[in-house]
Amino acid sequence: MYPNLRDIGIRNPENIKRYSLRKEGDKDILKVYFRKGAGMLIGRSSKYKFQRQIKTVSGGQHNQHIQGTTELSEINPTLHKIIKELDSLSLHVSSEKELKQQILSDLKHLQLVVDNKIQEIEHKLDKL
């Protein structure tokens with residue numbers, strides 16, 4: 001039913017709670033969050049990286065009728081199909097309260113990631 005989700009290893013789309021998408025350099029990062037049920041072996045979330053496509057387009061006329069080009073990056077077509085499938089699962093936040101909880105959870109997770117990275121860097125500095 002969801003061939004693109006299946007292709008990235010998601011066998012039970014009904015267990016997906018939500019997803020997030022962000023751009024990091026020349027990649028798009030898709031993070032899929034799952035409902036954690038008893039006896040589930042999968043993690044709470046999975047991260048997938050997709051290389052952005054680079055397209056060269058004409059930039060119009062410049063000095064003395066010489067056409068310039070511009071490079072644009074756009075979302076990977078496979079990722080676009082995956083997002084369409086995720087959106088068809090109706091993963092939209094249903095209330096402001098849920099949205100607030102989601103944002104607070106993301107913020108706490110970000111704080112944990114930053115704290116761990118700071119500790120890692122401090123540890124490296126101590127070794128110098």
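What percentage of the 128 residues of the protein count as buried? The share is 20%, where buried means under 20% relative accessible area, exposed over 50% and partly exposed in between (1.4 Å probe, protein chains only). The model is predicted, so local features need pLDDT of at least 70, side-chain atom pairs count only at pLDDT 80 or more, and totals for chains, interfaces and linings use all residues. Residues are numbered from 1 along each chain as its sequence is written, and side-chain values use heavy atoms, leaving out hydrogens and water.

The protein has three helices and five strands (DSSP runs of H or I, at least four residues, and of E, at least two, numbered from the N terminus). Along the sequence the pattern is α-β-β-β-β-β-α-α.

The largest nonpolar core holds 13 residues. Such a core is a set of buried Ala, Val, Leu, Ile, Met, Phe, Trp, Tyr and Cys residues joined through side-chain atoms within 4.5 Å. Leu 5, Ile 10, Ile 16, Leu 30 and Val 32 touch the most other members. Strand E2 (27–34), strand E3 (45–51) and helix H2 (77–88) each give two or more residues to this core. H2 provides the largest share, four residues.

A nonpolar surface patch of about 430 Å² is formed by Leu 104, Leu 107, Leu 110, Val 114 and Ile 118. Patch residues have over 30% relative accessible area (Shrake-Rupley method, 1.4 Å probe, only the protein chains shown as cover). Like charges are joined within 9 Å, and nonpolar side chains (Val, Leu, Ile, Met, Phe, Trp, Tyr) within 5 Å. Leu 104 lies in helix H3 (residues 96–127). Leu 104 counts as partly exposed because its relative accessibility is 42%.

Key: A salt bridge is a side-chain nitrogen of Lys or Arg within 4 Å of a carboxyl oxygen of Asp or Glu.
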